[in-house]
Amino acid sequence: FKPANTNLGVKRSLSRVKHILLVSSCKGGVGKSTVSTNLAIALRNLGLSVGLLDADIFGPSIPKLMNLHGEPRISQQGKLIPLQNYGVQTMSMGYLIPNEDSPIVWRGLMLQKALQQLLFDVEWNDLDVLVIDLPPGTGDVQITIGQMLKVSGAIIVSTSQDLALIDVKKGISMFEKVKIPIYGLVENMSVFVCPNCHHEEHLFGKDGVLKEAERLGIDYLGSIPLNREICSKSDEGFPIALSGKDGLGRYYYEIAEGVT
Ligand code: ADP
């Protein structure tokens, strides 16, 4: 018998990237992309060289969050050159489709091809860390990335709502299967503080993520309140973490400090 192809199943590093950090969520709409973006900016402001890769091929949101658009240039080596804003290098499927409104209708092979390109054909400029914003859930993209890349660790974003927590365990076993260490859980939209009377309302339940982290024996990396300014700054393409460590952005800096 010929020797089997030992390259199969061997995880790859990315050239000129020291660490890869995955940001995942088990449900959509819990704030994963907002966390990825603000975390990338916080890490950058803590002095690291940071990249942000939008692996949400069918619903890319990084271009809007980072206020970036336009087609990436191609390097002499035929690689995609990242678009940069706020000191963070980024790449997203959103830059490669004609305009925001065009639906991405590819499936199957095209998806794999697009993903391969985003993962392996980008010319990152010496990154300490590449933050990858995964699509929600535990589908093909997440498993492919987990199997192909040498990852330093993953964080899982959730709200405390039972419905969001139900799948956290599924997400964790997926990462265990592909041997990716988990930094911990991040609770988003933990509390709403009324700007008028300062009453605190735990819209999605109290301490659900914390208890789930304890039950599963993983770290609780911190919580982010539900706040109108976090939302409006995202919509403006000026993520809240840009306002520094003292304001509402501090929650993201705490998470950044927890993983470095
Ligand atoms: P996901 O990536 O999980 O689908 P997004 O990051 O796109 O979620 O967030 C979903 C919506 O919630 C967006 O409109 C975003 O601006 C808003 N959002 C996220 N986190 C917060 C927060 N802490 N406070 C207020 N709005 C938030």
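This is a predicted model: local features need pLDDT of at least 70, side-chain atom pairs count only at pLDDT 80 or more; totals for chains, interfaces and linings use all residues.
The cut-offs here: buried takes 20 or more other C-beta atoms within 10 Å of a residue's own, exposed means 12 or fewer, and partly exposed is in between, with C-beta atoms placed from the backbone. You'll find glutamine 116 in helix H3 (residues 109-120).

Residue numbers start from 1 along each chain as its sequence is written. Helices (H or I, at least four residues) and strands (E, at least two) are DSSP runs, numbered from the N terminus.

## The sheet

Eight strands form an open sheet with mixed pairing, in the order E3-E4-E2-E5-E1-E6-E7-E10. Strand E3 (83-85) and strand E10 (220-224) are at the edges with a single partner strand each, so one side of each has no neighbour in the sheet. From one strand to the next, the twist averages 25°. Two strands count as paired if DSSP finds at least two bridges between them.

Strand E5 (127-133) is mostly covered, with six of its seven residues buried. E5 pairs in the parallel sense with E1 over six bridges, and with E2, also parallel, over five bridges. Aspartate 133 in E5 sits opposite valine 23 and is also the bridge partner of aspartate 54. Over at E2 (residues 50-54), the pairing with E4 (residues 88-92) is parallel too, over five bridges, and valine 50 has valine 88 as its bridge partner in E4.

## Helices against the sheet

H1 packs on the sheet and touches E1, E2, E4, E5, E6 and E7, with its direction at about 170° to that of E5. Contact means C-beta atoms, placed from the backbone, within 7 Å. Axes are lines fitted to C-alpha atoms, for helices over the stretch in contact, and angles run from 0 to 180 degrees between N-to-C directions. Helix H6 (residues 168-177) lies across E1, E6 and E7, and runs at about 170° to E6.

Helix H9 (residues 250-259) has Tyr251, Tyr252, Tyr253, Ile255, Ala256 and Val259 as its buried residues. Their cover includes E1, H1, E6, E7 and E10.

## The nonpolar core

The largest nonpolar core has 67 residues, and Leu22, Val23, Leu39, Leu130, Val131 and Ile132 have the most contacts inside it. Such a core is a set of buried Ala, Val, Leu, Ile, Met, Phe, Trp, Tyr and Cys residues joined through C-beta atoms within 7 Å. Leaving out residues up to four places away in sequence, leucine 130 touches Leu14, Val17, Ile20, Gly51, Leu53 and Trp124.

## Two positive phi values

Most residues other than glycine have a negative phi. Lysine 179 has a positive one of about 60° although it is not a glycine. Lysine 179 is in the loop between H6 and E7, and counts as exposed because it has 11 C-beta neighbours inside 10 Å.

Methionine 189, not a glycine either, has a positive phi of about 55°. Its place is the loop between E7 and strand E8 (192-193). Methionine 189 counts as buried, given 24 C-beta neighbours inside 10 Å.

Technical notes: Two residues are in contact if their C-beta atoms, placed from the backbone, lie within 7 Å.
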